[in-house]
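Here are some exercises to work through with the model open beside you. Try each task before you read its solution.

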Amino acid sequence: MAIGTYGIVRPSDVSIDDISMYYNFVPNRETLNNVIYPLTPTEYLSYNTLPTNEQIAGSENILEGLYNLKLPATIFNQIGIYTIYIKPKTTPTVIIDCSVLSSLPSVKGIVLDLTALPSPLQANNALQGYRVEYINQDSTQTKMRNVVRYVATANKVVPISENVGNTNQKAIRYRFDDAGTLLFLQLTPSSSSDVKPNVLPFIGNPGQTILLSNTFFNPLVIEIDMVQNTVDTLANILVGNQVKDVQNGILTYYDANNVITDQFNLFEIKDDVTNVPLYEVKQKRTNIDETQNFNDVIAGI
Amino acid sequence: MEYIKKTIQLIMTTGTTVPCTYRNIRTGELFFGCRIPKTDVVFSGCTGSCYVIIPNTGVTYNIKFGLVQNSEDIGFFDAYMVDTPYNYIQLYNANPIIAAQNLQKFESILSGQITLAASGLVTGHSTGYITGTAITPISYNVTGQSSSRLTELKKYVIGVPFSQQYVSGGNFSTDGVNYPQSIGNKVVYFLGGIRYVDTLSGPTSGTTFLFFGQGFTNSNFINKPIYKDMNKENIISNPKIYDDVFIVRQEISAFDKNYRLEYISSLVDLTTYAGGKFFNIVNNT
């Protein structure tokens with residue numbers, strides 16, 4: 001019995017605008033190719049909709065979790081292995097400040113420039129649930145491996161100056177205000193552990209570049225093995241239609257629709273002195289004799 | 001991460017290529033045709049067409065795939081409730097040069113080099129109320145069926161006409177029966193801002209209700225920005241309260257000895273029970 005189940009794997013209804021797509025091609029397993037090419041998701045992905053009798057009038061009626069992937073032969077037209085990588089879209093940006101809320105100094109967070117983000121992410125809490133990853137600030141600019149934080153809240157803020165504790169010192173803190181052009185992001189985990197109450201988890205540094213990724217779906221890799229023959233085409237070669245042009249020595253194979261799939265020259269090689277046959281040759285033709293069209297040949301009977 | 005493997009047959013088609021006139025370097029013999037020249041053959045011109053089998057670039061291969069999301073509730077959030085006024089130092093100025101100077105003065109104040117008074121910076125005042133969180137109210141009706149609550153408005157009188165049997169003057173702000181609207185076999189009455197209609201007979205007999213929904217403008221909702229209290233991480237429901245556990249304290253009023261209901265024998269005892277605060281006696285006759 002499931003009551004109050006809250007942690008589940010749910011069918012994703014991610015917008016295609018929030019998806020990034022890439023592909024790689026190698027002609028065979030022996031070849032290493034690290035070159036990754038981008039694909040525009042809106043051109044290659046589409047949604048599925050609910051069956052008619054389950055649709056809600058006026059609604060989008062998408063069937064969550066099931067997407068279509070189109071592979072146009074303008075790109076996917078070679079024998080070999082295409083690897084398609086589908087992942088949540090990532091937006092790089094820079095931390096403007098790391099600070100606390102004015103009335104809740106225990107609530108820490110990072111501050112981002114609203115105008116540097118795409119407009120859909122500028123609303124209050126639009127970044128909630130997003131993943132934050134970090135770029136090292138040293139000269140290597142490498143990605144900080146295995147460090148991930150998640151956005152708990154994201155609200156527009158304005159800076160205000162406040163007295164610090166019982167001293168006469170002042171400090172800039174932030175206060176929620178929709179008129180602000182900065183975003184205050186609370187990250188999790190950002191609270192102290194029980195065993196080290198005076199040590200806080202890393203949430204980033206001012207000026208540090210971060211990568212914001214949505215968590216709307218789990219990334220996916222699809223490996224497409226483009227092949228010349230399948231069981232069906234081999235079956236056509238074995239038990240499908242064939243024509244042997246005896247006069248011209250041409251053997252032609254057809255698919256289930258009588259379209260020419262392969263053509264061979266048939267000839268013998270004889271000893272030029274004794275005229276004794278030495279070899280019977282079946283040689284694949286690179287140019288196709290269109291006069292061997294199956295229907296034309298049969299029509300001539 | 002999920003990894004899917006698919007095998008797709010490359011769709012081929014018949015294409016055309018151009019036949020060529022070529023010369024065999026060794027023999028000097030000229031050829032014309034569709035065969036692909038070898039390394040010892042030189043092109044001298046191309047005319048006409050030859051047929052070859054090539055990948056069909058006009059097709060599209062379609063695949064369906066599933067996308068899932070691991071979803072987990074990280075618990076309660078708290079509303080950011082700041083409504084206390086505060087003073088602040090005005091640093092902004094439409095002139096960017098003056099704004100930069102103000103910033104330098106402010107840094108000097110922070111470092112203790114000068115005082116706020118000596119800096120010449122002006123202070124401002126804010127009421128502290130969070131701005132920009134207004135929600136536009138949407139008017140809508142909520143209707144349905146319920147059990148009758150007409151008896152809650154009945155007076156303790158007998159032998160009087162219908163217009164005197166119930167508390168009158170009902171409307172959305174006042175509880176009571178609305179006699180002018182109670183025509184025929186219908187009784188219209190209001191309780192707590194909800195309009196009830198009791199249909200006493202016929203195929204539609206029963207009780208229906210109607211009220212104007214307030215939605216997020218309802219005072220039950222806190223329309224404020226939210227923040228996450230990390231102490232409540234992964235807490236996803238209210239703590240369970242065992243409300244059937246009672247601790248009976250021995251509380252005896254210094255002025256009233258009626259602390260057990262069994263001692264009450266009259267209405268006067270009831271109105272004075274526990275200092276007169278326990279029972280709310282309403283005269284609705």
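**Exercise 1. Find out how strand E1 (residues 8–11) of chain A and E8(B) pair, and over how many bridges.**

Step 1. Strands here are DSSP runs of E with at least two residues, helices are runs of H or I with at least four, and both are numbered from the N terminus. Two strands pair if DSSP finds at least two bridges between them.

Step 2. E1(A) and E8(B) run antiparallel to each other and share four bridges.

Step 3. For one of the contacts, look at Pro11(A): its bridge partner in E8(B) is Val68(B).

A word on the source: this is a predicted model, in which local features need pLDDT of at least 70 and side-chain atom pairs count only at pLDDT 80 or more, while totals for chains, interfaces and linings use all residues. Residues are numbered from 1 along each chain as its sequence is written, and chains are lettered from A and ligands numbered from 1 in the order in which they are written.

**Exercise 2. Work out the strand order of the open sheet that three strands form.**

Step 1. The order is E4(A)-E5(A)-E7(B), with antiparallel pairing.

Step 2. Strand E4 (45–49) of chain A and strand E7 (60–66) of chain B are the edges, each pairing on one side only.

Step 3. On average, neighbouring strands are turned by 35° against each other, direction ignored (axes are lines fitted to C-alpha atoms, for helices over the stretch in contact, and angles run from 0 to 180 degrees between N-to-C directions).

Step 4. Now cross the chain boundary: strand E5 (residues 62–72) of chain A pairs with E7(B) over seven bridges. Lys70(A) is found opposite Asn62(B) of E7(B).

**Exercise 3. Describe the side of chain B that touches chain A.**

Step 1. Count residues in contact, that is, with C-beta atoms, placed from the backbone, within 7 Å. Chain A brings 64 residues and chain B brings 58.

Step 2. Several elements of chain B give two or more residues, including strand E2 (12–17) and strand E6 (50–55). The most come from E1(B), with eight.

Step 3. Sort this side of chain B by residue type: 33 nonpolar, 16 polar and nine charged. Here Ala, Val, Leu, Ile, Met, Phe, Trp, Tyr, Cys and Pro count as nonpolar, Asp, Glu, Lys and Arg as charged, and the others, Gly among them, as polar.

**Exercise 4. Decide whether chain A is a compact globule or more spread out.**

Step 1. Chain A has three helices and 18 strands.

Step 2. Its radius of gyration is 32 Å, well over the 19 Å that the globule rule gives for 301 residues, so chain A is more spread out than a compact globule. The radius is taken over C-alpha atoms, and the rule is 2.2 Å times the number of residues to the power 0.38.

Step 3. Along the principal axes, the C-alpha atoms of chain A fill a box of roughly 115 × 55 × 40 Å.

**Exercise 5. Locate the largest nonpolar core.**

Step 1. Such a core is a set of buried Ala, Val, Leu, Ile, Met, Phe, Trp, Tyr and Cys residues joined through C-beta atoms within 7 Å. Buried means 20 or more other C-beta atoms within 10 Å of a residue's own, exposed means 12 or fewer, and partly exposed lies in between, with C-beta atoms placed from the backbone.

Step 2. Among its 26 residues, Val111(A), Val151(A) and Leu185(A) touch the most other members. E12(A) gives the most, with five residues.

Methods
Two residues are in contact if their C-beta atoms, placed from the backbone, lie within 7 Å.
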